[in-house]
Amino acid sequence: MPAIRRFASPLFAPAFALVALSSLAGCDESNPSFFAPACPTLDIPGSAADQFVYDGKSADIGSLVSHAQIASLSGDCERGPDGPHGHQTVRTRLSLAMNLTRGPAATSSTIDVPYFIVIMRDGKIVDKKVFTDSFRFPANVSTQSVRTNLRLIDLPATGNMTQENPYTLEIGYQLTHGELGYNREHLAPVSFHSHTQ
């Protein structure tokens with residue numbers, strides 16, 4: 001399953017990944033229907049790859065409630081169900097791997113992590129979906145690696161399903177204005193690179 005993995009970037013510039021996922025579902029090249037459809041391009045904006053939540057008293061470590069960090073994104077594509085008007089669709093299956101930290105100011109053993117998937121075509125937003133997954137920390141554990149629920153995104157197929165997909169999916173944390181500003185001011189840019197497993 002193709003994946004996107006996080007790497008720190010030494011460049012002081014907005015960093016993001018533009019990676020096309022594609023995988024073969026069969027081996028008979030004479031029949032293109034045996035091949036999985038082309039996946040949309042994936043984009044993880046570096047400024048939306050971390051979420052720091054503070055208790056409102058300060059931005060010091062003692063006031064940290066939680067820190068979520070996208071580590072990787074994995075997914076694949078397959079032919080989806082027929083659309084409402086009988087048109088073909090491409091189903092993209094996505095899951096985020098994250099590193100979570102429960103800070104000293106946390107008052108709960110559970111962290112709720114909101115994240116978005118924005119659907120774009122030709123540089124314009126077509127739709128946006130926001131999800132929230134909850135993760136419980138065992139007693140005496142402050143950091144853990146987790147994976148989100150599998151998310152399914154169905155998009156209209158265009159022409160030959162094995163050719164380039166015209167859609168882009170942007171994935172990141174659903175941040176407040178303050179959280180986004182904090183990332184832009186305090187974090188080194190990150191980038192994500194394709195990795196096939």
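Start by selecting methionine 98: at 1% relative accessibility it counts as buried (buried means under 20% relative accessible area, exposed over 50%, partly exposed in between, with a 1.4 Å probe and protein chains only). Before you go on, note that this is a predicted model, where local features need pLDDT of at least 70 and side-chain atom pairs count only at pLDDT 80 or more, while totals for chains, interfaces and linings use all residues. Residues are numbered from 1 along each chain as its sequence is written, and side-chain values use heavy atoms, with hydrogens and water left out.

**Stop 1: around methionine 98**

Methionine 98 sits in strand β6, residues 89-102 (strands are DSSP runs of E with at least two residues, helices are runs of H or I with at least four, and both are numbered from the N terminus). Now show its contacts, meaning heavy atoms within 4.5 Å. Leaving out residues up to four places away in sequence, methionine 98 touches Gln69, Ile70, Ala71, Val113, Phe135, Gln144, Ser145, Val146, Thr148 and Tyr173.

**Stop 2: the nonpolar core**

Next, select Met98, Leu100, Val113, Leu169, Ile171 and Tyr173, which touch the most other members of the largest nonpolar core, a set of 28 residues. A nonpolar core here is a set of buried Ala, Val, Leu, Ile, Met, Phe, Trp, Tyr and Cys residues joined through side-chain atoms within 4.5 Å. The strands β5 (64-79), β6, β7 (110-121), β8 (124-136), β10 (151-156), β11 (167-173) and β12 (190-196) each supply at least two residues of this core. Strand β7 gives the most, with five residues.

**Stop 3: rings**

Across the whole structure there are four aromatic pairs (rings of Phe, Tyr and Trp, using its six-membered ring, pair if their centres lie within 6.5 Å; planes under 30 degrees apart count as stacked, over 60 as edge-to-face and the rest as tilted). Pick tyrosine 115 and phenylalanine 131, a tilted pair at 5.8 Å centre to centre with 35 degrees between the planes. This pair links distant parts of the chain, with tyrosine 115 in β7 and phenylalanine 131 in β8, 16 residues apart. Both tyrosine 115 and phenylalanine 131 are buried. Then colour Phe52, Tyr54 and Tyr182, which ring pairs link into a cluster.

**Stop 4: charges**

Move on to lysine 128, which lies over the face of phenylalanine 116 at 5.3 Å from the ring centre (a charge sits over a ring if NZ of Lys or CZ of Arg is within 6 Å of the ring centre and within 35 degrees of the ring normal).

The whole structure holds six salt bridges. In one of them, arginine 91 meets aspartate 154, with the closest N and O atoms 2.8 Å apart. Arginine 91 lies in β6 and aspartate 154 in β10, so the pair ties together parts that are 63 residues apart in sequence.

Finish at aspartate 133 and arginine 151, whose closest N and O atoms are 2.5 Å apart in their salt bridge. Aspartate 133 is buried at 3% relative accessibility, and arginine 151 is buried with a relative accessible area of 18%.

Methods
Salt bridge = Lys/Arg side-chain N within 4 Å of Asp/Glu carboxyl O.
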